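Please keep the structure in view while reading.

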Amino acid sequence: MRFFRGMLISGALLAELASAKEVTTQIPVSGMTCGSCAVAVRKGLTPLEGVKKADVSVEQNKATVVYEDSQVTEKQLREAINKTGFKAEVIQ
Ligand SMILES: [Cu+2]
């Protein structure tokens, strides 16, 4: 019985691990004009729970974000960017 219960628990854990995945997204950001704009956007993203990595490019007007999709949503990423004073565009 104990063995059986252990099997059930590890099965649930595995299912949880499988559903939590790391996602990379590119969010178009408008309004950035220089390197410090990009730094400001990056600083707005990195404190979010679940954000693993954020790279922001002024030249390409976009933020590339690696995040755990079980902890944070793309909408929350856009909201964090908007809070920095720049405009995150919805991904087409
Ligand atoms: Cu700037």
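Two residues are in contact if their C-beta atoms, placed from the backbone, lie within 7 Å. By that criterion, and leaving out residues up to four places away in sequence, Ile81 touches Ile27, Val29, Val41, Gly44, Leu45, Ala63, Phe86 and Ala88. The model in which these contacts are found is predicted.

**Overall layout**

The chain has 3 helices and 4 strands. Read from the N terminus, the order of elements is α-β-α-β-β-α-β. Of the 92 residues, 22% count as buried. Among contacts between residues at least 6 apart in sequence, 60% join residues at least 24 apart.

**The sheet**

The 4 strands form an open sheet in the order β2-β3-β1-β4, with antiparallel pairing. β2 and β4 (87-88) are the edge strands, and each pairs on one side only. The pairings are listed below.

| Strand pair | Sense | Bridges |
|---|---|---|
| β1 and β3 | antiparallel | 7 bridges |
| β2 and β3 | antiparallel | 6 bridges |
| β1 and β4 | antiparallel | 2 bridges |

On the β4 side, Ser30 stands opposite Lys87.

Two helices pack on this sheet. α2 touches β1, β2 and β3, and its direction makes about 165 degrees with that of β2. α3 touches β1, β3 and β4, and its direction makes about 35 degrees with that of β1.

**The hairpin of β2 and β3**

The hairpin formed by β2 and β3 has 4 residues between the strands. Asn61 lies in this loop. Its phi is near 50 degrees, which is a positive value in a residue other than glycine. How exposed is Asn61, judged by the C-beta atoms within 10 Å? There are 16 other C-beta atoms within that distance, so Asn61 is partly exposed.

In soluble globular proteins, nonpolar side chains tend to be buried together. The largest nonpolar core of this chain has 16 residues, and those that touch the most other members are Val29, Val41, Leu45, Ala63 and Ile81. Two or more residues come from each of β1 (22-30), α2 (35-45), β2 (51-57), β3 (62-68) and α3 (74-83). Val29, Val41, Leu45 and Ala63 are also among the residues that Ile81 touches.

**Helix α2**

Which residues of α2 are buried? They are Ala38, Val41, Gly44 and Leu45. Seen down the axis of α2, these buried residues fall within an arc of 120 degrees, so they line one face of the helix. They pack against β1, β2, β3 and α3. The face turned away from the buried side carries the exposed residues Gly35 and Ser36.

Arg78 is found in helix α3. Is Arg78 buried or exposed? A residue is buried if 20 or more other C-beta atoms lie within 10 Å of its own. Arg78 has 20 other C-beta atoms within 10 Å, so this residue is buried. Apart from residues up to four places away in sequence, Arg78 touches Ile27 and Ala88. Arg78 and Glu89 are 11 residues apart in sequence, and their C-alpha atoms are 7.5 Å apart in space.

Asn82 is also found in helix α3. Why does Asn82 count as partly exposed? The reason is the count of C-beta neighbours: Asn82 has 14 inside 10 Å, whereas a residue is exposed at 12 or fewer and buried at 20 or more. Asn82 touches Lys87 and Ala88, again not counting residues up to four places away in sequence. The C-alpha atoms of Asn82 and Ser30 are separated by 9.9 Å, although these residues are 52 residues apart along the chain.

Key:
Residues are numbered from 1 along each chain as its sequence is written. This is a predicted model: local features need pLDDT of at least 70, side-chain atom pairs count only at pLDDT 80 or more; totals for chains, interfaces and linings use all residues. A nonpolar core is a set of buried Ala, Val, Leu, Ile, Met, Phe, Trp, Tyr and Cys residues joined through C-beta atoms within 7 Å. Two strands pair if DSSP finds at least two bridges between them. Axes are lines fitted to C-alpha atoms, for helices over the stretch in contact, and angles run from 0 to 180 degrees between N-to-C directions. The arc is that of the directions from the helix axis to the C-beta atoms.
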